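Please examine the sequence and the structure shown below before reading the report.

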Amino acid sequence: MNKNEFLRTIADKTDSTIKDATAFYEAFVETVNEAMKANDKITLVGFGTFVAKLKKESVRPNPQKPGETIRVAACKNPQLKFGQSFKDAVNK
């Protein structure tokens, strides 16, 4: 399912327009992005939890130059951990 098919399905299930579904989708994505930037956690009961975990700076082997190392900067790693009820629903 691509984005357009997803938005069409949401519009059909909510008896709304694709324009309304698109506005909701864009607001949802923007809200998740803002929360991740602010290190906030979003928990949607029955679905999952969005969280940005900090990856520490590290030194790794350079894949292009064997024997040399490169420094990988610290960064936030966004993650979505699905809830058990969602996992159970998918596996039925």
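Predicted model: local features only at pLDDT ≥ 70, side-chain atom pairs only at ≥ 80, totals over all residues.

## The largest pocket

Rolling a probe the size of a water molecule over the atoms shows where empty space is left. In this model, the largest pocket has a volume of about 150 Å³. Its lining consists of Phe6, Leu7, Ile10, Ala21, Phe24, Tyr25, Phe28 and Phe50. Two elements each give two or more residues to this lining, namely helix 1 (3-13) and helix 2 (18-37). The largest share, 4 residues, comes from helix 2.

## The largest nonpolar core

The largest nonpolar core has 6 residues in all: Val32, Ala35, Met36, Ile42, Phe50 and Ala52. Helix 2 and strand 2 (48-55) are the elements that give two or more residues to this core. Helix 2 gives the most, with 3 residues.

## Phe50 and its contacts

Phe50 lines the largest pocket and also belongs to the largest nonpolar core. Leaving aside residues up to four places away in sequence, Phe50 touches Phe28, Val32, Met36, Asp40, Lys41, Ile42, Leu44, Gln79 and Leu80. Among these contacts, Phe28 is one of the pocket-lining residues, whereas Val32, Met36 and Ile42 are members of the core.

## Ser58 in strand 3

Ser58 lies in strand 3, which covers residues 58-61. Is Ser58 buried or exposed? Ser58 counts as buried because its relative accessibility is 18%, and buried means under 20%. When residues up to four places away in sequence are not counted, Ser58 touches Ile70, Arg71 and Val72.

How values were computed: Residues numbered from 1 in each chain as written. Heavy atoms only, no water. Buried < 20%, exposed > 50% of the residue type's maximum accessible area, 1.4 Å probe, protein only. Contact = heavy atoms within 4.5 Å. 1 Å grid on protein atoms, 1.4 Å probe; cavity = no way out; pocket = protein on both sides within 12 Å on 5 of 7 lines; lining within 4 Å. Points joined across faces, edges and corners; volume = space filled by probe spheres on them. Core = buried A, V, L, I, M, F, W, Y, C linked by side-chain atoms within 4.5 Å.
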